[in-house]
There are 2 protein chains.
Amino acid sequence: MSLTGKRAIVFAENLYNELELWYPVLRLRGAGVKVDIAGTGSASTYTSKIGMPVEVSTSADKVQIAQVDALIIPGGYAPDYLRRYPAVLGLVRDALAQGKVVAAICHAGWVLASAGVLRGRTVTSVAAIKDDMTNAGATWVDREVVQDGTLITSRQPADLPAFCDAILGALGGVEATSLSRVTAATSAIEALRMAVQAEESAFRFYSAAVDKVKDPEAKNVFASLAKEEERHRKIVQDEYNRLTQDPTWDRYSIWRDVI
Amino acid sequence: MSLTGKRAIVFAENLYNELELWYPVLRLRGAGVKVDIAGTGSASTYTSKIGMPVEVSTSADKVQIAQVDALIIPGGYAPDYLRRYPAVLGLVRDALAQGKVVAAICHAGWVLASAGVLRGRTVTSVAAIKDDMTNAGATWVDREVVQDGTLITSRQPADLPAFCDAILGALGGVEATSLSRVTAATSAIEALRMAVQAEESAFRFYSAAVDKVKDPEAKNVFASLAKEEERHRKIVQDEYNRLTQDPTWDRYSIWRDVI
């Protein structure tokens, strides 16, 4: 999967949680996303709970939401500062209204509460702020990651792999590295949706590889693979369409025309 | 990709670099690898350069190399301690001798130097210890990740996505999330090798998903996809075999029997 062209903002303020800020930054950059770290405007460098510095490249009031695909809010006690800034809250509201990804982990739920975007939403957070979440109108559940529309929430640093899988998935890729999105309750429709995303991301990966390599034979190999993945995507998409439109769907029909 | 069943050891000692320890731990766990954090036996908890604690689950003298697929050595100044322990150095030597993955980032090259495994190897590291690497017999290059056999090295925290992609790739999966392994110099043979790994990892992912879901239709969907990926793997593997055995290989033959 390559998410080249996608842009994300990760918010920073003092007392941020080190892993909850840096893991998403590195993970998204590794997937090709352009990540900017935005402060509140109060400083150009912030320090984490145990003193790790982070230099910001912009501030909330300078971010143009139209140019951003995802907002990520790390935890720690930084959300206690972030929620005081109207520019931060405005970005969160605008992002959700425009169907963009908003991802919050741990104490970052506070920012969602102050932005007034929790009514009717299902979310998770660190257990300590569960009452603040429910008082703001949310349904709170205890899961490593909860995705409600484009709103993605997690509880703690150990949830970061699933949290970032969900963010990357919502940005249009799928993380084939993690089985965390497959649960006992996964339906055939969800399985096909995952497969469509996987084939799309494989297609984008091989297409981008064609441009990267110089060797003509390598270009041909990647181009053949891209074409094949595109063909796959269509087969799985057709199957998905059939299943979602016809309740008498023949469960054995996948690949029938291929094998 | 699911690497369920694979096991990795990440070494810890005082003054470890926070991101270089925790990013691989979380990333590998997210991919299904069982990760143990091993100390030198000097303590049960170590603290990072800026005071982040890590509790270890074992120590180097208790690790059975036969039960481990990868050793990962984070940087910071922890390697200055790790290199003093014969059990650590023995594990590094045994792992490489048995074809297992050894991955070192930043100052972790010191441990490789003391283990005496660098002669004739191509590696990278933080620039500060370049002389120690070359004096130990290595060829030193300045790249985000260098893979020489099963020895994987990187320079700094910003290289962590590529470093972990390479580790996961060497463990038998491929990270479709990163294009960092595709370069202008990638050959057709390398492209096919990546494709074989990608198809294998997709096969493992769908196979593991079959076991995870309860819904019979979802099981059928994942089983069909697994079967298809296995068929793909064979096609690409045949192509790889043909190319590596026959220099007059027809570059357009991939998928010829399929499309």
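# Helices, sheet and salt bridges in a predicted model

Q: In which helix does His232(B) lie?
A: This structure is a predicted model. The residue range 216-245 of chain B forms one helix, and His232(B) is part of it. The helix that holds His232(B) is therefore H8 of chain B.

Q: Is His232(B) buried or exposed?
A: A residue counts as buried under 20% relative accessible area and as exposed over 50%. His232(B) has a relative accessibility of 0%. His232(B) therefore counts as buried.

Q: With which side chain does the side chain of His232(B) make a polar contact?
A: The contact of His232(B) has a length of 3.0 Å, and a polar contact requires N or O atoms within 3.5 Å. The partner of the His232(B) side chain belongs to chain A and is the side chain of Glu228(A).

Q: Why does the aromatic pair of Tyr23(A) and Tyr23(B) join two chains?
A: The search of the whole structure finds three aromatic pairs over all chains. Tyr23(A) and Tyr23(B) form one such pair, with 4.8 Å from centre to centre. Both Tyr23(A) and Tyr23(B) are buried. The pair joins two chains because Tyr23(A) lies in helix H1 (residues 18-30) of chain A and Tyr23(B) in helix H1 (residues 18-30) of chain B.

Q: Which class of aromatic pair do Tyr23(A) and Tyr23(B) form?
A: A pair is described by the distance of the ring centres and the angle of the planes. Planes under 30 degrees apart count as stacked and those over 60 as edge-to-face, with the rest counted as tilted. For Tyr23(A) and Tyr23(B) the angle between the planes is 35 degrees, and the pair is tilted.

Q: What is the order of the strands in the open sheet of seven strands in chain A?
A: The pairing in this sheet is mixed. S5 and S10 (145-148) of chain A stand at the edges with a single partner strand each, so one side of each is left without a neighbour in the sheet. The order is S5-S2-S1-S6-S7-S11-S10.

Q: How many bridges join strand S1 (residues 7-11) of chain A to S2(A)?
A: S1(A) and S2(A) run parallel, and together with H1(A) they make a right-handed β-α-β unit. One bridge pairs Arg7(A) with Lys34(A) in S2(A). The number of bridges that join S1(A) to S2(A) is five.

Q: Which residue in S5(A) stands opposite Ala38(A)?
A: S2(A) also runs parallel to strand S5 (residues 58-59) of chain A, to which two bridges join it. Five of the six residues of S2 (residues 34-39) of chain A are buried, so S2(A) is largely enclosed by the rest of the structure. Opposite Ala38(A) stands Thr58(A).

Q: In S7(A), which residue is the bridge partner of Ile73(A)?
A: Strand S6 (residues 70-73) of chain A and strand S7 (residues 101-105) of chain A pair over four bridges in the parallel sense. In S7(A), Ile73(A) has as its bridge partner Ala104(A).

Q: Which residues are linked with Arg7(A) in a network of salt bridges?
A: The side chains of Asp36(A) and Lys34(A) meet in a salt bridge with an N to O distance of 3.0 Å. Asp36(A) is buried at a relative accessible area of 16%, whereas Lys34(A) is partly exposed at 42%. Arg7(A) is linked in a network with Lys34(A) and Asp36(A).

Q: What is the N to O distance in the salt bridge of Glu239(A) and Arg242(A)?
A: Glu239(A) and Arg242(A) both lie in helix H8 (residues 216-245) of chain A, three residues apart, about one turn of the helix. Glu239(A) is buried with a relative accessible area of 2%, while Arg242(A) counts as partly exposed at 31%. Their side chains meet with an N to O distance of 3.3 Å.

Q: With which residue does Lys234(B) form a salt bridge?
A: Lys234(B) counts as partly exposed at 45% relative accessibility. The closest N and O atoms are 3.8 Å apart, and the partner of Lys234(B) is Glu230(B).

Q: How many of the 11 residues of helix H6 (residues 160-170) of chain A are buried?
A: The buried residues of H6(A) include Leu160(A), Phe163(A) and Ile167(A). H6(A) is largely enclosed by the rest of the structure, because the number of its 11 residues that are buried is 10.

Terms used:
Residues numbered from 1 in each chain as written. Chains lettered and ligands numbered in written order. Predicted model: local features only at pLDDT ≥ 70, side-chain atom pairs only at ≥ 80, totals over all residues. Heavy atoms only, no water. Phe/Tyr/Trp six-rings, centres within 6.5 Å; stacked < 30°, edge-to-face > 60°. Buried < 20%, exposed > 50% of the residue type's maximum accessible area, 1.4 Å probe, protein only. Polar contact = N/O pair within 3.5 Å; in protein donor to acceptor, adjacent residues only side chain to side chain. Pairing = 2+ DSSP bridges. Right-handed = clockwise from strand over helix to strand, strands pointing away. Salt bridge = Lys/Arg side-chain N within 4 Å of Asp/Glu carboxyl O.
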